Amino acid sequence: MSRCTNCCWWRRGDADGRPLSGGVAQEAGDGDEDGPEYCVRVEGFETGRRGRHVVYSLTVVRGSARWPLRRRFRQVVALHTALLQGLGRSAMREGLPRLPPRVTPRSLCCGQQDERFLAARAARLQRYFEELLRFIPFVDQCEALNEFLCSIDVSHMGYDALLDLGQAIGRAGGPRGVAPDAIASLPRRRAEASCSSEVRCVICQDAMDAADDIRVLPCGHEYHYKCIAQWISQSNSCCVCQGLAVLPPAAEESDGEK
């Protein structure tokens, strides 16, 4: 049984109307029983520079953390398709909310870029996400929905927002923080490496000068040491690619043998 099916079975209960025990039910029991743990707000939309596509601006909220997303309608369609595939032929797939229509009489008359058509679609998307999160309230148990909501563009997020985000995602079972001595052992950027004034630390958004203490993660992304040290102490992951920031000893030894 897929994780999506597990989540829906727990939500709907067994044939006697009782919640299923074990599995997802136990893992999700720590969440908010009054409603979905995640919330999605459709803030608006904008047309691409060449007018070929429309991007919808979303805000995802989980606890005290919130982060922006930019998604095209076809990405929402791909999410919906993945959820249907995860449920297979189960009758529970009928419980998924309906997607906004691809075409309406208004779009046929005025085109897909019509402002009123797009505004109406944004409102329908808002209802879609509200119903979807009621139907699948445990986002962390649904691979497709978790990837859709947690693939984050952090380039325009401030330091405090990034820390809140790290705490929120960390509760989902992601990499936890590591010891200070392990963080301090992160390699410094080589002195001979070129440094452009346009290169900025993703966390503090300040330029990374040649005289700064700049550390390099295993993935190759660079940060000010004071910035990345505070981040990794709470979540052992790269802010940009979500890869491990500090590798476990066994992984470091295997990398050194290659």
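Glu222 is partly exposed, with 25% relative accessible area (buried is under 20%, exposed over 50%, partly exposed in between, using a 1.4 Å probe and protein chains only). Keep in mind that this is a predicted model, where local features need pLDDT of at least 70, side-chain atom pairs count only at pLDDT 80 or more, and totals for chains, interfaces and linings use all residues. Residues are numbered from 1 along each chain as its sequence is written, and side-chain values use heavy atoms, leaving out hydrogens and water.

**Salt bridges**

- The model has 7 salt bridges, meaning a side-chain nitrogen of Lys or Arg within 4 Å of a carboxyl oxygen of Asp or Glu.
- Glu222 pairs up with Arg189 at 3.0 Å, N to O, and Arg189 is buried at 15% relative accessibility.
- Glu222 sits in strand β5 and Arg189 in the loop between α8 and β4, so this pair ties together parts 33 residues apart in sequence; strands are DSSP runs of E (at least two residues), helices runs of H or I (at least four), numbered from the N terminus.
- Arg62 bridges to Glu37, with the closest N and O atoms 3.0 Å apart.
- Arg62 is buried at 2%, while Glu37 is partly exposed at 29%.
- Shared partners join Glu37, Arg62 and Asp140 into one network.

**Confidence**

- The chain averages a pLDDT of 77, and 68% of the residues score at least 70; pLDDT is the predictor's confidence in each residue, from 0 to 100.
- Over residues 14–33 pLDDT is below 50, and this stretch has 15 contacts beyond near neighbours in sequence (heavy atoms within 4.5 Å).
- Among the chain's elements, helix α5 has the highest mean pLDDT (95) and helix α2 the lowest (36).
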